[in-house]
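Dear colleague,

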Amino acid sequence: MQRESWSPDAIDTKVPSVARMYDYFLGGDDNYQSDREACEQLLQQVPSTKVLAVNNRRFLRRVVRMLAADYGIRQFIDHGSGLPTQDNVHQVAQAVAPDSRVVYVDNDPIVLAHGRALLDENERTAVIQADMRDTEAVFGHEETKRLIDLSRPVAALFVSVMHCIPDADDPAALVRRVAERLAPGSFLVVCQLVSDRPEIRAFVTDFMEQATGGHWGRVREEHEVTRFFDGLEILEPGLVEVSTWRPDTDLAPVQQTDEWIEWGGVARIV
């Protein structure tokens, strides 16, 4: 299996990375001083951010397990996957069905570097370095072609990444392009950061835009995210704050603050 090459020189440790910041919030150690400082500054203004990140990860696990166990999905494309952590998509899916295939997509070179372990670990898992906005590059990649059979249902995941896409790149159009390539019976999972407080939207958007050197989109409102699901059959319980999406038990943690939330859901292509 051919691997993509990467160079340590491609990783700018002085500029925070969204993937590494997320890793820090989840308690990982694949991050640098610039990432940690940006996270701590963000927490000063929006203290619920760490809890939000943890609940978002739990949502991802629940969704993947449900799609594999209840709907028989055996193919997953995780757009903007971020750094490997505990209970990755392939681990959750393959715990249900060992023949599940997963392609992780991220444009951060450190994700590719750490993803090599996944390539060695599992022939049904691949990590590709690509911009998730470039649908042609993602679906035309040799590893995607090797693992994903587009004549059969696929789950395309956009979990906590759409806020990284600026309006100029039309995130709703990205979802449509992906949906058009998938067979009936496929699923799209989409959620992103939203807030009904203008001051929070403005602060976080400006902060992340400056902190990441422009690698950011926008905190949006719920009605804007709803557009991502146009033409799709949304599963119950609809579009919600993700900690309330089919919780495992009544005791599952629920987002306690409303500064901002991760909002979205799961839709089926019919």
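The lining of the second largest pocket divides into three nonpolar, four polar and six charged residues (Ala, Val, Leu, Ile, Met, Phe, Trp, Tyr, Cys and Pro count as nonpolar, Asp, Glu, Lys and Arg as charged, and the others, Gly among them, as polar). This is a predicted model, in which local features need pLDDT of at least 70 and side-chain atom pairs count only at pLDDT 80 or more, while totals for chains, interfaces and linings use all residues. Residues are numbered from 1 along each chain as its sequence is written, and side-chain values use heavy atoms, with hydrogens and water left out.

On a 1 Å grid over the protein atoms alone, a pocket is an open set of points with protein on both sides within 12 Å along at least five of seven lines, a cavity is a set where a 1.4 Å probe fits but cannot get out, and lining residues have an atom within 4 Å of a point. Grid points are joined across faces, edges and corners, and a volume is the space filled by probe spheres set on the points.

The second largest pocket has a volume of about 170 Å³, and among its 13 lining residues Leu 26, Gly 27, Arg 57, Thr 85 and Gln 86 lie nearest its centre. The largest pocket has a volume of about 1,000 Å³; 48 residues line it, and the closest to its centre are Ser 17, Val 18, Ala 19, Cys 164 and His 215.

The whole structure holds three cavities of 30 Å³ or more. The second largest cavity, of about 50 Å³, has Leu 26, Arg 57 and Thr 85 among its lining residues.

Best wishes
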